[in-house]
Amino acid sequence: MAGMENKLQNKLANMPAGLRQFYVAKLAEIKAGIETYFPRRMDGEFFARVTGHEPLFEQDWDALSGVVLTPTHEYLECAGKMLRPVLVALTLEAYGEDSKAFPILLGAIEVMEDSSIMMDDYIDHSLLRRGGPCAHVRHGYAIANVSSCTAFSLSHYIFTNNELARSTPIALALLDAVAYEHIQMGFGQMEELYWTAADKNTVTIQQYLQETIARCAFLSFRGPLRYAGLIAGAPSEDIPVLEKLGDYLLVGYHVRGDNLDMSPESADWGKIAGEDITTGRRTLLINHVLERADAADRALIETTLNSRTRDEARKVRVYELVVKYGGLEFARDLAERYNQLAHREIDKLHIGPEFKAIFREFSDFSTVKRRM
Amino acid sequence: MLNILIPGVDEGVASAADGLRVRELMQRERERLADPVHLVEHVIGSPAEFAWDFDVLQDGFLRLADPYLELPTGIGSFYLSLLRDLGADVPENHHGVLILEFMHLATRINDRFNFADELARQQPDLRVAESLVQLRYTAQFLNNYPRYTIIENRYGAAEDARIRLHRWGNNVFTTVGMSRAALLRWCHRGFADVPLDAYRQNAINTLCEYLMSPVCVAMILARVEDAVARQVRRAFSWLELGVKLLCEQRLIDGDIDVAEDSPLFDTTMPVTLPGYRLIEAGRQVDVTLEPGGRFAPVKRVWRDARDEARRLRGSPTSGLADEAWRAIDRFTADIAAAGVLQDTAARVVACLNRGGR
């Protein structure tokens, strides 16, 4: 109990007051939504719901539950920040809906997130997630892949089955949006993996930011903002604003995360520091330094990244070079710039001032202030 | 690939013209996959303030995916023959070939990853794992790529039909995932204590993308009414069971031979693995780990299952073939009751019958 309380306090650290109040109020709704939406044990009814099949025979529910559902539940139990469902709740209420009427939407968004990050973990060959072993460490790569793919796919049944009973045009708009985000996600992921595999050291900042948006926007934060806006009946002119807001929030959020990976500031940071160096990932910080470093320093960074080392001393040397070439300040300034761009989009939304204030606090927190 | 499941399907159910049409569509789409203008205008959109890196297309995508793209699946041809039988063979509906073909191509690549011996180790080599992950993500893009045809409504379809297409794509991907989930668990445990009913249903789930998926996409675009579509789906479930069991019998008899170094091999394992015979006889597969191994490799389990099933050929009569034909007879009866796809059903059964009943 004390551990869970500490974890919550860590999440709330540096969270502005208005957002904190909204956030804490929504946690129970989100958790209830997850339990309703994503069972711990599969049965015939759930199987039919998520596959559209009426089975002819009884299935091995132990196997299906254990492989498809359990790994995502293990991640859900070590709950993350749950910023995405909070953002969805905020958007719903900003446009006049009561988020309590949409528990499965809040739950679905978090299930999508937690099933998908299993893939991120084996892509990055991470060892830990939120203080616990990653799914591919616990269950092996094959089960992690099958589990993640299948759970992520089925977690969209809220949209594919139109469980929220939206009109046909809205139901179709949601599915078209999901399809578009997933197409972009696939392309962005291919870019990132290609740069790593090819040890490509000529990635521009513009390419990096576009790849980040493509790869992550499906859930951070463009996708959820768009879905919530459509569901809540936001004015049509607000939908592209919500999408742009999502892009700016993502850039700031992600850049902040890169900074934290390089120099973790929270004792509860669940991933091993400097993982991006181990995986040879060409992050924003690395690209920034490679553009500016002299030949010797550049060679050292490239050699270290290419070696896929876990050697802490070598990783520290790269970190020192990031500091030497102003990488952390660059990332901080960039995150702040995108925070301001997000504020500009928030001002355009046709929502009440009290909601604009919370959106601004969300932006400040996710891009600049958060410690994890 | 579909020829492995239903021998002679490319000529006996589909036609040479169907095969040519599929090749034409896939060749055109392969060219589009390499075209940044097409990708920006129709698929991934403009980067607005930022920039895409199209260097990824050749070396980070097509070079990896081409060995899988180049081998025909047979699914697209089967789909075109279904459209014809439903009276919906118009050019707009041919875009469904892309959804079906690309989804299966993604499965081929995912199976390469899921069944990789290299990843069944305690400590997979980081560079090897990295290359397999990179390959696996070409599948991610391939699977989602053709959904642009639904977003742009290349089908000229009504809104509800487009919703159903989206839904069906998601559902079949989930179903195939379920089939792999059960298979992995059973392989890791040497097929100990697998209920035969669960195995039967998994056989149906495994063949979903080969048979059920094309007929469902065809029925959506042909606007077949829900009650009839439901009957057809039930009928095709029986067909999938029958076809899977016959496939297992052919493997046991030595009539299926896919080279282990073929890009097709990984994805043939789920459809040919003779689990029915093992379960029926109460046999298991040895899952002793190799040095440094964490799981018994799926390829080894498949080989051992095949060899054990072959050793059982002289033992008391197996119900495998009988059950397969009972399922196919159920398919025939249910299709007759549905009142559609009679011609397809007759042709499929004729192909299956060529191997002898």
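How many salt bridges does the rule find across the interface of chain A and chain B? Here are some notes to get you started, bearing in mind that this is a predicted model.

1. The rule finds 7 salt bridges across the interface of chain A and chain B. One to look up pairs B:Glu130 with A:Arg308, whose side chains meet at 2.6 Å, N to O.

2. Polar contacts turn up here too: 31 residue pairs across the interface of chain A and chain B, both residues at pLDDT 80 or more. On the chain A side, several helices each supply at least two of the residues that touch chain B, among them H3 (44-51), H4 (61-77), H6 (103-123), H11 (205-216) and H13 (238-262). The largest share comes from H10(A), with 23 residues.

3. If you're wondering what that side of chain A is made of, its residues divide into 40 nonpolar, 27 polar and 11 charged.

4. Now the totals for this pair of chains. Chain A puts 78 residues into the contact and chain B puts in 76. Between them the two chains bury about 6900 Å², and 64% of that is on carbon and sulfur atoms.

5. Away from that topic, have a look at A:Asn339, which sits in helix H18 (residues 327-348) of chain A. Is this residue buried or exposed? A:Asn339 counts as buried because its relative accessible area is 2%, against a cut-off of under 20%.

6. What does A:Asn339 touch, leaving out residues up to four places away in sequence? The list is A:Ser363, A:Asp364, A:Thr367 and A:Val368. With A:Ser363 there is also a polar contact of 2.5 Å, side chain to side chain.

Definitions and conventions
Residues are numbered from 1 along each chain as its sequence is written. Chains are lettered from A and ligands numbered from 1 in the order in which they are written. This is a predicted model: local features need pLDDT of at least 70, side-chain atom pairs count only at pLDDT 80 or more; totals for chains, interfaces and linings use all residues. Side-chain values use heavy atoms; hydrogens and water are left out. Helices (H or I, at least four residues) and strands (E, at least two) are DSSP runs, numbered from the N terminus. Buried means under 20% relative accessible area, exposed over 50%, partly exposed in between (1.4 Å probe, protein chains only). A polar contact is a pair of N or O atoms within 3.5 Å; within protein, one must be able to donate a hydrogen and the other to accept it, and residues adjacent in sequence count only if both atoms are side-chain atoms. Contact means heavy atoms within 4.5 Å. Buried area is the accessible area (1.4 Å probe) that two parts lose on being put together, summed over both. A salt bridge is a side-chain nitrogen of Lys or Arg within 4 Å of a carboxyl oxygen of Asp or Glu. Ala, Val, Leu, Ile, Met, Phe, Trp, Tyr, Cys and Pro count as nonpolar, Asp, Glu, Lys and Arg as charged, and the others, Gly among them, as polar.
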